[in-house]
Amino acid sequence: MQTLFSPWSTLQNEADIPSPALLIDLAAVDENLRRMVNIAGSAERLRPHVKTHKLPQLIERQLRLGIVKYKASTIAEAEMTAQAGAREVLLAMPLVGPSIARFLKLQQTFPAAQFTAVADNAAALAAMM
């Protein structure tokens, strides 16, 4: 099997990098994003989950490819996603207690974004209305 990337990227200045540090191979990220869009057939068919990276810089890269819909697990992730420019954010965890008020405030704070959430019972759904 042929791969486009070596198993590990090589740092030119490894001794200068403080540890621990988050290092991202942007060329690999961009290639993976292009492949993701290609496999899906179009960017409109994608709704990537932001919980794995929680990085607005990666959302901005996805937006440049036309990916505008995202999934989040927490209000904080949904807020970060909207701040990065997402047009649609699905909160994939049911809202309970104070999270409902935070969700409604999020909708007011970012009126250009469409926020949706899942509900697992009628009372939770009524509280979001």
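Keep in mind that the model is predicted.

**Stop 1: the strand around Val-89.** Colour residues 88-91. This is strand β2, and Val-89 lies in it. Now show what Val-89 touches beyond four places in sequence. The list runs Arg-47, Tyr-70, Ala-72, Ala-78, Thr-81, Gln-114, Phe-115 and Thr-116. Next, draw a line between the C-alpha atoms of Val-89 and Phe-103. The separation is 11 Å, for two residues 14 apart along the chain.

**Stop 2: Leu-91.** Select Leu-91. Which residues does Leu-91 touch, leaving out those up to four places away in sequence? They are Ala-72, Ser-73, Thr-74, Ile-75, Ala-78, Phe-103, Thr-116, Ala-117 and Val-118. Keep Ala-78 on screen: Val-89 touches Ala-78, and Leu-91 touches Ala-78 too.

**Stop 3: the core.** Nonpolar side chains tend to be buried together in soluble globular proteins. Here, the largest nonpolar core has 25 residues. Select Ala-78, Leu-91, Leu-95, Phe-103 and Phe-115, which have the most contacts inside this core. Then colour by element: α1, β1 (69-72), α3, β2 and α4 each give two or more residues to the core. Helix α3 gives the most, with four residues.

**Stop 4: α3 against α4.** Select residues 75-83 for helix α3 and residues 98-109 for helix α4. Their axes are 10 Å apart, and the packing angle is about 5°. The two helices are therefore roughly parallel to each other. Show side chains at the contact. From α3 come Ile-75, Ala-76, Ala-78 and Glu-79; from α4 come Ser-99, Arg-102, Phe-103 and Leu-106. By class, this contact holds five nonpolar, one polar and two charged residues.

**Stop 5: α1 against α2.** Move to helix α1, residues 26-40, and helix α2, residues 56-64. What is the angle between these packed helices? It is about 45°, with the axes 10 Å apart. So α1 and α2 are oblique to each other. Their crossing is right-handed. Finish with the side chains: Leu-26, Val-29, Asp-30, Leu-33 and Met-36 in α1 meet Leu-58, Arg-61 and Gln-62 in α2. Five of the residues in this contact are nonpolar, one is polar and two are charged.

How values were computed. Residues numbered from 1 in each chain as written. Predicted model: local features only at pLDDT ≥ 70, side-chain atom pairs only at ≥ 80, totals over all residues. Heavy atoms only, no water. Contact = heavy atoms within 4.5 Å. Axes fitted to C-alpha atoms, helices over the stretch in contact; angles between N-to-C directions. Parallel < 35°, antiparallel > 145°, perpendicular 65-115°, else oblique. Nonpolar A, V, L, I, M, F, W, Y, C, P; charged D, E, K, R; others polar. Left-handed = near helix turned anticlockwise from the far one by under 90°. Core = buried A, V, L, I, M, F, W, Y, C linked by side-chain atoms within 4.5 Å. Buried < 20%, exposed > 50% of the residue type's maximum accessible area, 1.4 Å probe, protein only.
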